[in-house]
Amino acid sequence: MRWMYKQGKTKLPEYRPILDALTPDDVIWRPFETHRGSIPFDLITLYSGHLRGSTVVPYLPERCIRQFGFVQYIPPPPPLAPAYSDIDSDWIGYHASVDRILQPTRPVTYASETVPDYMSWYYRVSHPRLCRPVDGPHGAPPVPHYAPAPAPAPDAPVDDAPADDAPQETALQRERRWRGMARGALETFLTRIDADRDDEDFEELFFALDVCRGAYP
């Protein structure tokens, strides 16, 4: 409501019906895909939690996971902001949040894919339309309420299926993810108890940490 459009001839009320008329085929679901040649996909992108700088902001990729090539599911409620001092510990153990995000999903078979109950949930909790019913004269044509799209036949080709470039997890990536999760847990624990590497009581834990870090191939 506060946005003032200052360029071009098309004004805000005219953009609202255009946005309301968008279909899944009009959306670029994976906007970063053209940059993968220079910046490959990395699982750290799926860290979920809070980031800190001059302020603390939530970063919740599970709410827009289709842009990373995974099937969108109903996300959990947003977490409460942690204490400022706890954010670094959460970040060190980021693999745990990555694993939690990926467990309910899989790579998409077509760009806009969701779990069956996601869209009905989205229409209940979000604002899927910009034009109000009373905006008739300049509003969008009547748009039917959401209805689940029929599932494609098992052998039917999917036009926008990104099978070749979907971020499939390789055995090496899986091993690195599990090593990273163990590394994050060990680093968090050893930091919290202020363990000393020269203390014989923690020798085996530090050895396990070095293994996770790749010191012993």
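## Notebook: salt bridges, patches and a hairpin

I started with Glu33, which comes out as partly exposed at 21% relative accessibility. Buried would need a value under 20%, so Glu33 stays in the partly exposed class. The model I am reading is a predicted one.

**Overall layout.** I listed the elements next. The protein chain has six helices and two strands. Read from the N terminus, their order is α-β-β-α-α-α-α-α. I also looked up burial for the chain of 217 residues: 29% of them are buried.

**Salt bridges.** How many salt bridges does the count give? I found three. The background idea is simple: side chains of opposite charge can pair when their charged atoms come close.

I went back to Glu33 for its partner. Glu33 pairs with Arg30, and their closest N and O atoms are 3.2 Å apart. Arg30 has a relative accessible area of 10%, so I log Arg30 as buried.

Next I checked Asp88. Asp88 forms a salt bridge with Arg52, with 2.7 Å between the closest N and O atoms. Which elements do Asp88 and Arg52 lie in? Asp88 belongs to helix α2 (residues 87–92) and Arg52 to strand β1 (residues 49–52), so the bridge ties together parts 36 residues apart in sequence. I looked up the exposure of both ends. Asp88 has 39% relative accessibility and is partly exposed. Arg52 has 38% and is partly exposed too.

Then I took Arg106 and Glu113. Their salt bridge has its closest N and O atoms 2.5 Å apart. Is Glu113 buried or exposed? Glu113 is buried, at a relative accessible area of 7%. Arg106 is partly exposed, at 41%.

**The hairpin.** I followed Arg52 back to its strand. Strand β1 runs antiparallel to strand β2 (residues 56–59), and four bridges join them. Three residues lie between the two strands, which form a hairpin. I looked for a residue facing His50 and found Pro58 of β2 opposite. A note for reading side chains here: in a regular strand they alternate between the two faces of the sheet.

**Helix α3.** Seven of its nine residues are buried, so I write the helix down as mostly covered. Which residues of α3 are buried? They are Tyr94, His95, Ser97, Val98, Asp99, Ile101 and Leu102.

**Nonpolar patch.** I searched the surface for nonpolar side chains. Ile44, Leu51, Val57 and Trp91 form a patch there, with about 300 Å² of accessible area together. I located Trp91 in helix α2, the helix that also holds Asp88. Trp91 is partly exposed at 38% relative accessibility. Patch residues need over 30% relative accessible area, so Trp91 passes that cut-off.

**Negative patch.** I repeated the search for charge. Glu200, Asp201, Glu203 and Glu204 gather in a patch of negative charge on the surface. Where does Glu200 lie? I placed Glu200 in the loop between α5 (171–192) and α6 (203–212). Its relative accessibility is 68%, so I mark Glu200 as exposed.

**Recap.** The three salt bridges are Arg30 with Glu33, Asp88 with Arg52, and Arg106 with Glu113.

Conventions: Residues numbered from 1 in each chain as written. Predicted model: local features only at pLDDT ≥ 70, side-chain atom pairs only at ≥ 80, totals over all residues. Heavy atoms only, no water. Buried < 20%, exposed > 50% of the residue type's maximum accessible area, 1.4 Å probe, protein only. Salt bridge = Lys/Arg side-chain N within 4 Å of Asp/Glu carboxyl O. Patch = residues over 30% accessible without salt bridge, like charges linked within 9 Å, V, L, I, M, F, W, Y side chains within 5 Å. Areas by Shrake-Rupley, 256 points an atom, 1.4 Å probe, with all protein chains shown as cover. Lys, Arg positive; Asp, Glu negative; His and termini not counted. Charge placed at Lys NZ, Arg CZ, Asp CG, Glu CD. Pairing = 2+ DSSP bridges.
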